[in-house]
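Dear colleague,

Here is the structure you are taking over. My notes on it follow below.

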Amino acid sequence: MSTQTLAEKLISKTHMGINIASVTIGVGILTFPRALAKATGAFDGWISVIVSGLCACVIGWLLAKLAARFPRQSFFEYTSIIASKPISYILTFLVCIYTMLFVSFEIRAIGNIAKQYLFYNTPVEMITLSFLLIVQYAVVGTRVSMLRLNLLFLPVVLVVLFIVLLFTTQLLEIENIRPYFSSDWQSLLEGSKEVGLSYSGFEIILFYTMLMKKPQEGAMAVTLGLSIPILLYMTIYMFVIGVFSAEVATNLTYPTIELAKEVEIPGGFFERVESIFFTIWIMTIFNTCAMWLDITVLNLSSMFHKVHKTIWVLILSPMIYFVAMLPQNLVDFFTFADGVTYFGMIVVYLCPILLLLIAVIRGVKGHE
């Protein structure tokens, strides 16, 4: 492979930031206003969004520093160098379980929400399966091509969200956001924990830094990528509370979609804006699922070199679909989501930070 060809296959800091933003803006953007309003009970929840976002930036910066110490090396390879090969196998397997569970959660969310708002008479099992088959097709292709889809999809999603927010400004009621700064610090911390679950995704920096032209810019890419969700979440929460009030928001399953349902475009050209919003939002979930499934395959391939990527996709997909169908109702679904997130906090937050600490103490570094 020539140097020029290799350079074309690598991605820049900005591109990585867009990938992080795209994978972070997932199902959480539809549900976090409800959990945040329940925790804080007031408009002050935007403070929790900022606090939680800053914590995510710090953790993401640490993860990026770990991956940057070992450029062009996979997670399994640099974990083997820092700890040992047996520990690396165990930790990489745990990461694969986490990423598979995350894909299961995302595709089931698509099934639930699409049935509720778009396909009333279609079984959720068929919606979920159809979406998984499309994700399979994307993952089987080239990795960089899949990542570059974010450059195409994310701007469209942001424009549609901007239009939704623009047309809801006339529905804002000043009484819904009063009183200001009425929440105590315990409520704001609880809100930070709730919205923090919606920032999951920036940990892809652990696995995709090896594809960056300048791996040392990974920390900046994380900051860039998380700045978009922080601003977006803060704005959406303000609008949800301003339109519905905190009391109403706590009783809405998907407040962001309900916000889109309130939009009325002059002239009646579009009567169901929430359908357009949801259809565009599926593009982001598609990229999120594709990246998480690709990371699963990437980690498995780093441990078992002889198995082709397509074989891994065919092996993993039935397991992912089976797990996605386990929740029987919304309560089970959200419990499953919380469980996956807390498991991920241990596997892809705590363990890599400990690995970074060990690498710094031992002075272990890779070579580009």
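**Notes on the model**

F304 has a relative accessible area of 33%, so this residue counts as partly exposed. Please keep in mind that the model is predicted. F93 falls in the partly exposed class as well, at 37% relative accessibility.

I mention these two residues together on account of their rings. A pair of aromatic rings is described by the distance of the centres and the angle of the planes. For F93 and F304 the centres are 6.2 Å apart and the planes stand at 50°, so the pair is tilted. In total, the structure holds 17 aromatic pairs. There is also an aromatic cluster, made up of Y98, F102, F105, W292, F333, F334 and F343.

The largest nonpolar core comprises 123 residues, and I29, Y208 and W281 have the most contacts inside it. The element that gives the most to this core is helix α14 (residues 273-303), with 17 residues. Apart from neighbours within four places in sequence, Y208 is in contact with M16, R143, M146, L147, M291, D294, I295 and L298.

- T128 is part of helix α7 (residues 124-140). Its relative accessible area is 0%, under the 20% limit, and therefore T128 is buried. Residues up to four places away in sequence aside, T128 touches I107, R108, G111, Y321, A324 and M325.
- V240 is found in helix α11 (residues 218-244). V240 is likewise buried, with a relative accessible area of 0%. With residues up to four places away in sequence left out, V240 touches P33, S245, A249, P255 and L259. One of these contacts, P255, is 15 residues from V240 in sequence, and their C-alpha atoms are 6.9 Å apart.

Last, the surface. Which residues form a nonpolar patch there? They are I346, L350, L354, L357 and I361, which together have about 500 Å² of accessible area. L350 lies in helix α16 (residues 330-362). At 45% relative accessibility, L350 is between the 20% and 50% limits and so counts as partly exposed.

Regards

Key. Residues are numbered from 1 along each chain as its sequence is written. This is a predicted model: local features need pLDDT of at least 70, side-chain atom pairs count only at pLDDT 80 or more; totals for chains, interfaces and linings use all residues. Side-chain values use heavy atoms; hydrogens and water are left out. Patches are made of residues with over 30% relative accessible area and no salt bridge: like charges are joined within 9 Å, nonpolar side chains (Val, Leu, Ile, Met, Phe, Trp, Tyr) within 5 Å. Accessible areas come from the Shrake-Rupley method with a 1.4 Å probe; for residues, only the protein chains shown count as cover. A salt bridge is a side-chain nitrogen of Lys or Arg within 4 Å of a carboxyl oxygen of Asp or Glu. Helices (H or I, at least four residues) and strands (E, at least two) are DSSP runs, numbered from the N terminus. Buried means under 20% relative accessible area, exposed over 50%, partly exposed in between (1.4 Å probe, protein chains only). A nonpolar core is a set of buried Ala, Val, Leu, Ile, Met, Phe, Trp, Tyr and Cys residues joined through side-chain atoms within 4.5 Å. Contact means heavy atoms within 4.5 Å. Rings of Phe, Tyr and Trp (its six-membered ring) pair if their centres lie within 6.5 Å; planes under 30 degrees apart count as stacked, over 60 as edge-to-face and the rest as tilted.
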